[in-house]
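The sequence and the model are shown first.

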Amino acid sequence: MDYDFTSRERQFGRVVFAVTLDKKRMTERIVIGKSNDARMRLENGGGEVFYDEVRPLGSLLLCFEADKKGEWNKNGIVLRESYAKTFPREAARWKAVTPVGKYLRGKYENGEPSAIFAAIRTWEDYLNCFNMNHGADMLTDRLSMLYKPFSVYADYKPWRDEAAAALANALRDGESGVELWYPVAKRPFETVVAVSSFLPVIFYYLNKVNEWRFVFQGCKVCGKDFLARSRHYELCSDACRKEQAVTAKREYDERAKGDWLEQLDEAAYYYWYNRLRKLRKGKAANPERAAAFKVAFDDFRKEAVRRKADVKRNKIKQSEFSSWLAAQQDEADRLMGEMES
């Protein structure tokens, strides 16, 4: 269901931000909609809602809306100022807030549930406060309470102690209460619900993470932060696990290839070296023949080094190098035969 950020009519029924956490499956489900519709969606899949998504556990805290430039507050100020008597005509007032509606539409469409809910609540509060006494002050108060985590999360990661401390210090009376919907019908989990402030949901979420002794980790493959059951989990997804497996296999193959090349090279080296040694020492020692054989041996070593490097660079195949080494052993036998004849 879509939301109309050009609507000028107040809507009945409060819009809520409902979160359920599944410890076993390591997932979170977030539903945004009017209270009755959200309940219906969670219990039997009915109801028309603005957002309904199941994501990996921790996603809300990891991807929470952050506002480094204070854009949310700037747009909130525009809404407040449109209440002033400087806009005696309705047309002028609505023209002034049109850019805000476009800003909220962009946030609504970016897919992040904290931004979606904040956009809807902003417009809802704007419409609801307009005809109230001290409506401008009331709107400012409501939006300040709603946007509070955005500035904190612009400076801190949501699960860090610094972020929790900053939010706790900013907590006011009336913000610490949380609404819980207990398990019922096909809704097997308790649901924590936010209406005007994200803070109860955030503290509830952090408390559950601590209660379950889960930890936030940095993925060793992609570098992204994720929530894990323990420090032993170092990868965030099946995709990263697959990538690590491929990398490990590649590294193993490279090491194996290197070991195999060294074994072949070493065997060929000693094949030549033992024959040279025979010509240098023992009853069959022959310095002149040894010197001539040494020249051929040195040429073989230089070429072997070059070809081994070509295998490592994938310029030639391992099988080609192996065949060449076998041929060089035959060459060593041929030279020995000529010298002994």
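## Basis of the model

The model is predicted: local features need pLDDT of at least 70 and side-chain atom pairs count only at pLDDT 80 or more, while totals for chains, interfaces and linings use all residues. Residues are numbered from 1 along each chain as its sequence is written, and side-chain values use heavy atoms, with hydrogens and water left out.

## Overall form

The protein chain contains 11 helices and seven strands; these are DSSP runs numbered from the N terminus (helices H or I, at least four residues; strands E, at least two). Its radius of gyration, taken over C-alpha atoms, is 36 Å, well over the 20 Å that the globule rule gives for 341 residues, so the chain is more spread out than a compact globule. That rule is 2.2 Å times the number of residues to the power 0.38. Along the principal axes, the C-alpha atoms fill a box of roughly 120 × 45 × 40 Å.

Of the 341 residues, 41% are buried (buried is under 20% relative accessible area, exposed over 50%, partly exposed in between; 1.4 Å probe, protein chains only). Among contacts (heavy atoms within 4.5 Å) between residues at least 6 apart in sequence, 61% join residues at least 24 apart.

## Pockets

A pocket is defined on a 1 Å grid over the protein atoms alone, with a 1.4 Å probe, as an open set of points with protein on both sides within 12 Å along at least five of seven lines; lining residues have an atom within 4 Å of a point. Volume is the space filled by probe spheres set on the points, which are joined across faces, edges and corners. The largest pocket holds about 480 Å³ of space. Its lining has 17 residues, with Pro56, Phe226, Leu227, Cys236 and Ser237 nearest the centre. Helix 2 (59-62) and strand 7 (225-228) are the elements that give two or more residues to this lining, and strand 7 gives the most, with four. By class, the lining comprises 11 nonpolar, two polar and four charged residues (nonpolar: Ala, Val, Leu, Ile, Met, Phe, Trp, Tyr, Cys and Pro; charged: Asp, Glu, Lys and Arg; polar: the others, Gly among them).

The second largest pocket has a volume of about 290 Å³. It is lined by 14 residues, of which Trp159, Arg160, Asp161, Asn210 and Phe216 are the closest to its centre. At least two lining residues come from each of helix 7 (161-170), helix 8 (199-211) and strand 6 (215-218). This lining divides into eight nonpolar, two polar and four charged residues.

## Cysteines

The count of disulfides (pairs of cysteine sulfur atoms within 2.5 Å) is zero. For Cys240, which is buried at 6% relative accessibility, the closest cysteine sulfur is that of Cys222, 3.7 Å away and too far for a bond. Cys63 is partly exposed at 43%; its sulfur lies 11 Å from the closest cysteine sulfur, in Cys236, also too far for a bond.

## Selected residues

Val193 belongs to strand 5 (residues 191-194) and is buried, at 3% relative accessibility. Leaving aside residues up to four places away in sequence, Val193 touches Val16, Phe17, Ala18, Glu179, Trp181 and Val201.

Met26, in the loop between strand 1 (15-22) and strand 2 (27-34), has a positive phi near 55° though it is not glycine, and is buried at 16%. Arg213, a non-glycine residue with a positive phi of about 60°, lies in the loop between helix 8 and strand 6 and is exposed, with a relative accessible area of 71%.
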